[in-house]
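Here is a short briefing to read alongside the model. Have the viewer open as you go through the topics below.

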Amino acid sequence: MVTVRHFAELENNIVVAVIAVAENDCLDSDGNFQEVIGENICRRLRQSSLKWIECSTDGSIRKNAAALGMVYDEIKNGFYNPNKPFVSWILDETLNWTAPVAKPENVEGFYFDWDETSLSWVKIAETPVETP
């Protein structure tokens, strides 16, 4: 089985491509993985002069999985979705959007949905109630 490493192509810190490279192709003469070797392979494959960085498809590298349209934060060294779900939500240290109020634990038969107007979580019936 071939082990692969994933790399994201960045244009103005926005992911424009994600490709996989065989890990064996990214090893130096001592057999150690070198990100820069993978980056150079990606540049040649895509005939691209843009920036390439290693990423993951499961978020194990650089906080979140890299996908098209994601933004790379150089200071926090991670990817995040630029689509803020609500005006009041903030980007936390793990580069995930977080409500200003913690979400309550689910109660059997109900779930909670964010209400931007009241800036609170609202309990919603899990199954729609039929009206006569």
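**A glutamate in a strand, and what surrounds it**

Glu54 is found in strand β3, which covers residues 51-55. Please keep in mind that this is a predicted model.

**Around Glu54**

- Glu54 is buried, because its relative accessible area is 7%, and the cut-off for buried is under 20%.
- Which residues is Glu54 in contact with, leaving aside its neighbours within four places in sequence? They are Arg5, His6, Phe7, Phe33, Glu35, Ile61 and Arg62.
- Two of these contacts, Arg5 and Phe33, also meet in a charge-over-ring arrangement: Arg5 lies over the face of Phe33, at 3.6 Å from the ring centre.

**Helix α1**

- α1 (35-46) consists of twelve residues and spans 17 Å from its first C-alpha to its last, close to the 16 Å expected at 1.5 Å a residue.
- Gly38, Glu39, Ile41 and Cys42 are buried in α1. Viewed down the helix axis, the buried residues fall within an arc of 160°, so they line one face of α1.
- What do the buried residues of α1 pack against? Their partners are β1 (4-11), β2 and β3.
- After α1 comes Gln47, with a positive phi near 50°.

- Asn32 sits in the loop between β2 (14-22) and α1 (35-46).
- With a relative accessibility of 42%, Asn32 is partly exposed.
- Leaving aside neighbours within four places in sequence, Asn32 is in contact with Cys26 and Leu27.

**Aromatic rings**

- How many aromatic pairs does the structure hold? There are seven.
- One of them joins Trp89 and Trp114: the ring centres are 6.0 Å apart and the planes stand at 80°, so this pair is edge-to-face.
- This pair links distant parts of the chain, as Trp89 is in the loop between β5 (78-80) and β6 (90-91), while Trp114 is in strand β8 (residues 110-115), 25 residues apart.
- Trp89 is buried, with a relative accessible area of 12%, and Trp114 is buried too, at 6%.
- Trp89 and Trp114 belong to one aromatic cluster that also includes Phe86 and Trp121.
- Elsewhere, Lys123 lies over the face of Phe110, at 4.9 Å from the ring centre.

How values were computed: Residues numbered from 1 in each chain as written. Predicted model: local features only at pLDDT ≥ 70, side-chain atom pairs only at ≥ 80, totals over all residues. Heavy atoms only, no water. Phe/Tyr/Trp six-rings, centres within 6.5 Å; stacked < 30°, edge-to-face > 60°. Helix = DSSP H or I, 4+ residues; strand = E, 2+ residues; numbered from the N terminus. Buried < 20%, exposed > 50% of the residue type's maximum accessible area, 1.4 Å probe, protein only. Lys NZ or Arg CZ within 6 Å of the ring centre and 35° of its normal. Contact = heavy atoms within 4.5 Å. Expected span 1.5 Å × (residues − 1). Arc of directions from axis to C-beta.
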